[in-house]
Amino acid sequence: MSTPVKRVVKMPVRLEFIVTAGRTYSAFLRQLAEQKIVGSRCPECRKVYVASRGACPTCAVPTTERVPLADTGTVTTFCVVNIPFGNMAFPPPYVAASVLLDGADIPIFHLIRGIEVDQVRMGLRVRASWVPKEQLAATLESIQWFEPSGEPDAPYETFREHV
Amino acid sequence: MRKVAVVAFAQLPSVRMDTDREEVELVQPVVKDALRQVGLRIGEIGFTVSGSADFLLGRPFSFVSALDGIGAWPPISESHVEMDGAWALYEAWVHLQCGDVDTALVYAYGKSSLGSIRDVLVQQLDPYTLAPLGPDSVSLAALQARALLDKGECTERQMADVVARSRKSAKQNEFAQLKGDVTAEALLRKDYFVAPLRKHDCPPISDGACAVVLASEERARKLCERPAFITGIDHRVESHALGTRDLTDSVSTRIAAERAGVWRGGVDFAELHAPFSSQEIILSKALRLGPDVRVNPSGGALAANPVMVAGLTRIGEAATRISRGDGRRAVAHATSGPCLQQNLVCVLEAS
């Protein structure tokens, strides 16, 4: 019988990457540093994508036209996060939601604050809560979260295509 | 065997680091160009398949996001291989053999510049047996070149000749990254990078993308004036364990070549995916290419090596030359893994 091997070679696995955001996504990120949200319009189907990746996914043409968007929108769907995990932004429970910005044809994903979690609903009208001016940067984290704007709820028919 | 042909090929110029475009923006222009060449829309393509590696971007499912660049709506029949696009082309070829589709779109993209490509390739291709020892892809190729030199199968001068020819040929290739007139003597005066390899014996780090359209014979003759027919294609893989392989030979290339029927006729030129100069020498021998065969008229992977793209580019380049009338019968080759571990051989003919 041979002696069992007990030595273990430990080799840390680590790879570092530079992310290329791309022409279109970069335009979106740069505007966030100016406290502005910019979408990109498809020249064929005219849909406005926010955080576009550079081409209309249905028409496969570059979304080159930039469209300024409001920082208000409608909660199309949401979930209440109750389970804690590492690196949470807030202690649970909190709400993550799809927010359809006014003027956009696709929702973005963000946090909802400033309202009890059991009061969040589809159709809730919200407004972006930006970080203080000096903290603005080219990241979606320039928006801390969305909070109720006080407007009446949007009727389901106005956002049913985007749920 | 159903006859299948390459009817379109499009590529982006390879660059050292494309800080401007992300994968969707790489894929969209080449797919659009390839489809334009044959006047087809994505909805008219029977099967679509891509080749790429998430390890290059350090992001899972990047191949799914890349679909934004091709317009997959209404839903299309689509697949992906976590390999060079040449293997995506192989899947498309198999699908075309089944007879339920007549056309296929194959595309590949790769940004080798985003991480340390030498380390990325080790983690991607062999996370278990060699990765703990930390041998990067260049060091492994250097071991292979050393074995080749020690065996007397080539000289450093011959390796430099390969590089000088690649740089010269690439002058005619607007998509190549490294090109120009250099002499083997001048190359041999340079310092070693990882001995016995000098920097020029290694491939450049490249970002790029390419796309190919395949069609059955009947469709091909309608879509393209002079289609490049795939008369044979095969791929073989060797062991993960480098110690069990003869690194100075490429057994898998030889078997694939035989199965693809390389030696059933003369070869006018060959496009070999040899990222290292020493590997072109091994491949030329395994494929029994005579001195009259022009090797890598495009410059090959020494002139531009977008990882996951460079193999499919060899097939596309060879097909383009045949369609142009620059030859009647060509061999295209793609490789994957350290020291030519896996090899694909494709024979392309004019009629």
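1. Start with a term. Two strands pair if DSSP finds at least two bridges between them. A strand here is a DSSP run of at least two residues. With that in hand, look at chain B. In β8(B), F229(B) is the bridge partner of A5(B). Please keep in mind that this is a predicted model.

2. Stay with strand β1 of chain B, residues 4-11. It pairs with strand β8 (residues 228-237) of chain B. The sense is antiparallel, and there are three bridges. β1(B) also pairs with strand β7 (residues 207-216) of chain B. That pairing is antiparallel too, over seven bridges. One bridge to find on screen: F9(B) has V212(B) in β7(B) as its partner. In general, strands of a sheet pair through backbone hydrogen bonds, either parallel or antiparallel.

3. Is β1(B) covered or open? It is mostly covered. Eight of its eight residues are buried.

4. Now place β1(B) in its sheet. The sheet is open and has ten strands, with mixed pairing. In chain B the order reads β3-β2-β4-β7-β1-β8-β12-β11-β9-β10. Find β1 in that order: β7 stands on one side and β8 on the other. Which strands form the edges? They are β3 (78-81) and β10 (294-295) of chain B. Each of these pairs on one side only.

5. Strand β9 (residues 269-271) and strand β11 (residues 329-336) of chain B pair in the parallel sense. Three bridges join them. In one of these, E271(B) has A332(B) in β11(B) as its bridge partner.

6. Helix α1 (residues 23-38) of chain B lies across β1, β4 (103-111) and β7 of chain B. Its angle to β7(B) is about 30°.

7. A helix to inspect by itself is α5 (residues 117-125) of chain B. Which of its residues are buried? They are I117(B), V120(B), L121(B) and V122(B). What covers these buried residues includes α2 and α6 (137-150) of chain B. An α-helix has 3.6 residues a turn, so residues three or four places apart point the same way.

8. Chain B is divided into two domains. Domain 1 covers 4-115 + 205-223, and domain 2 covers 117-203 + 229-349. Their centres, taken over C-alpha atoms, are 22 Å apart. The contact between them takes 36 residues from domain 1 of chain B and 30 residues from domain 2 of chain B.

9. What builds the domain 1 side of that contact? β1, α2 (54-57), α4 (85-98), β4 and β7 of chain B each supply at least two residues. α4(B) gives the most, with seven residues. By class, this side of domain 1 of chain B has 23 nonpolar, ten polar and three charged residues.

10. Step back to chain B as a whole. Its secondary structure comes to twelve helices and twelve strands. The radius of gyration of chain B is 19 Å, close to the 20 Å that the globule rule gives for 351 residues, so it is as compact as a globular protein of that length. Its C-alpha atoms fill a box of roughly 55 × 45 × 40 Å along the principal axes. Of its 351 residues, 58% count as buried. Among contacts in chain B between residues at least 6 apart in sequence, 80% join residues at least 24 apart.

11. Turn to chain A. Its secondary structure is one helix and eight strands. Along the sequence the pattern is α-β-β-β-β-β-β-β-β. The radius of gyration of chain A is 21 Å, well over the 15 Å that the globule rule gives for 163 residues, so it is more spread out than a compact globule. Its C-alpha trace spans about 75 × 40 × 35 Å along the principal axes. Buried residues make up 28% of the 163 residues in chain A.

12. Finally, the two chains touch. The contact takes 20 residues from chain A and 27 residues from chain B. On the chain A side, the residues divide into 13 nonpolar, four polar and three charged.

Notes: Residues are numbered from 1 along each chain as its sequence is written. Chains are lettered from A and ligands numbered from 1 in the order in which they are written. This is a predicted model: local features need pLDDT of at least 70, side-chain atom pairs count only at pLDDT 80 or more; totals for chains, interfaces and linings use all residues. A residue is buried if 20 or more other C-beta atoms lie within 10 Å of its own, exposed if 12 or fewer, and partly exposed in between; C-beta atoms are placed from the backbone. Helices (H or I, at least four residues) and strands (E, at least two) are DSSP runs, numbered from the N terminus. The radius of gyration is taken over C-alpha atoms; the globule rule is 2.2 Å times the number of residues to the power 0.38. Two residues are in contact if their C-beta atoms, placed from the backbone, lie within 7 Å. Ala, Val, Leu, Ile, Met, Phe, Trp, Tyr, Cys and Pro count as nonpolar, Asp, Glu, Lys and Arg as charged, and the others, Gly among them, as polar. Axes are lines fitted to C-alpha atoms, for helices over the stretch in contact, and angles run from 0 to 180 degrees between N-to-C directions. Domain bounds come from an automatic or database domain assignment.
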